[in-house]
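Please look through the sequence and the three-dimensional picture below before reading on. The report is meant to be read with both at hand.

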Amino acid sequence: IHTFTSSGTFTISSGTGDVEYLVVAGGGGGDNISAGGGGGGAGGMRTGTKAAMGPGSYTVTVGAGGAASANGSNSVFDDITSTGGGRGGGAGNNGTAGGSGGGGTTLGTTGGAGTSGQGNNGGAGGFSSGGGGGGAGAVGANAGSYAGGNGGAGSSSSISGSSVTYAGGGGGSASANGTGGAGGGGNGNSGGTGGAGSANTG
């Protein structure tokens with residue numbers, strides 16, 4: 001098992017074989033307005049098998065999570081790219097599209113779209129409350145009145161030898177904050193900056 005938590009190179013010195021992969025991008029940042037900011041979407045999650053890989057050096061890029069109000073960065077393994085998570089909406093804006101979409105903020109705004117095969121949509125905003133960011137396994141919850149939407153749950157993988165959940169969406173902020181989705185999503189925070197997601201889970 002080869003695990004990359006920072007960018008590097010995957011090297012095959014000899015022989016040819018199939019390589020299983022799990023590529024998770026950086027999650028989007030939630031918006032940092034005082035109340036009603038949308039939760040950040042999870043980084044895109046892709047898993048599968050690359051057949052008959054031969055000798056050579058293959059680039060690995062580990063995308064960083066987005067700062068407040070910023071999309072996450074893409075992660076790449078050879079020709080496999082997972083898209084960074086969308087940022088949460090702020091100041092009456094919709095959530096942004098990404099691997100999973102960011103949550104909307106305030107009533108009438110929508111969550112950003114997730115990327116097919118990588119994640120899900122963010123939740124819609126509510127009255128003075130932000131929707132949850134989408135996760136790899138579920139959409140972000142819509143916000144209620146003064147209640148932030150919960151982040152969408154991530155998806156599990158056993159590629160490491162045990163089952164681990166990755167790519168959970170961030171919770172939206174409000175008087176009653178949304179919680180991050182299983183798989184590393186950070187909680188919402190009505191006081192400003194939301195809780196950070198868990199590193200290296202997307």
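What follows is a description of the chain as a whole, then of its sheet, its nonpolar cores and a few single residues.

This is a predicted model, in which local features need pLDDT of at least 70 and side-chain atom pairs count only at pLDDT 80 or more, while totals for chains, interfaces and linings use all residues. Residues are numbered from 1 along each chain as its sequence is written, and side-chain values use heavy atoms, with hydrogens and water left out.

**The chain as a whole**

The protein chain holds zero helices and eight strands, where helices (H or I, at least four residues) and strands (E, at least two residues) are DSSP runs numbered from the N terminus. Of its 202 residues, 45% are buried, a word that stands for under 20% relative accessible area, whereas exposed stands for over 50% and partly exposed for what lies in between, with a 1.4 Å probe and protein chains only. The accessible surface of the chain is about 8,200 Å², and carbon and sulfur atoms hold 46% of that area; such areas come from the Shrake-Rupley method with a 1.4 Å probe, and for residues only the protein chains shown count as cover.

Strands of a sheet pair through backbone hydrogen bonds, either parallel or antiparallel. Here four strands make an open sheet in the order β1-β4-β5-β6, with antiparallel pairing; two strands are said to pair if DSSP finds at least two bridges between them. Because β1 (8-12) and β6 (80-82) stand at the edges with a single partner strand each, one side of each is left without a neighbour in the sheet. Within the sheet, β4 (residues 56-61) and β5 (residues 75-77) run antiparallel and are joined by two bridges, and V60 stands opposite F77 in β5.

**The nonpolar cores**

A nonpolar core is a set of buried Ala, Val, Leu, Ile, Met, Phe, Trp, Tyr and Cys residues joined through side-chain atoms within 4.5 Å. The largest one has ten residues, namely F10, I12, V19, Y21, V23, M53, Y58, V60, F77 and I80. Two or more of these residues come from each of β1, β2 (17-24) and β4, and β2 gives the most, with three residues. A second, separate core has six residues, among them V24, A42, M45 and A136. Returning to F77, and not counting residues up to four places away in sequence, this residue touches F10, V19, Y21, V23, K50, M53, Y58, T59 and V60.

Which residues does T109 contact, leaving aside its neighbours within four places in sequence? T109 is in contact with G92, N93, N94, G104, A124 and G125, and its side chain also reaches the backbone oxygen of T106 at 2.8 Å. T109 itself is placed in the loop between β6 and β7 (155-157).

Two residues other than glycine have a positive phi: A91, at about 50°, and A167, near 65°. A91 is found in the loop between β6 and β7, while A167 lies in the segment after β8 (164-166).

| Residue | Relative accessibility | Class |
|---|---|---|
| T109 | 6% | buried |
| A91 | 64% | exposed |
| A167 | 0% | buried |

How values were computed
Contact means heavy atoms within 4.5 Å. A polar contact is a pair of N or O atoms within 3.5 Å; within protein, one must be able to donate a hydrogen and the other to accept it, and residues adjacent in sequence count only if both atoms are side-chain atoms.
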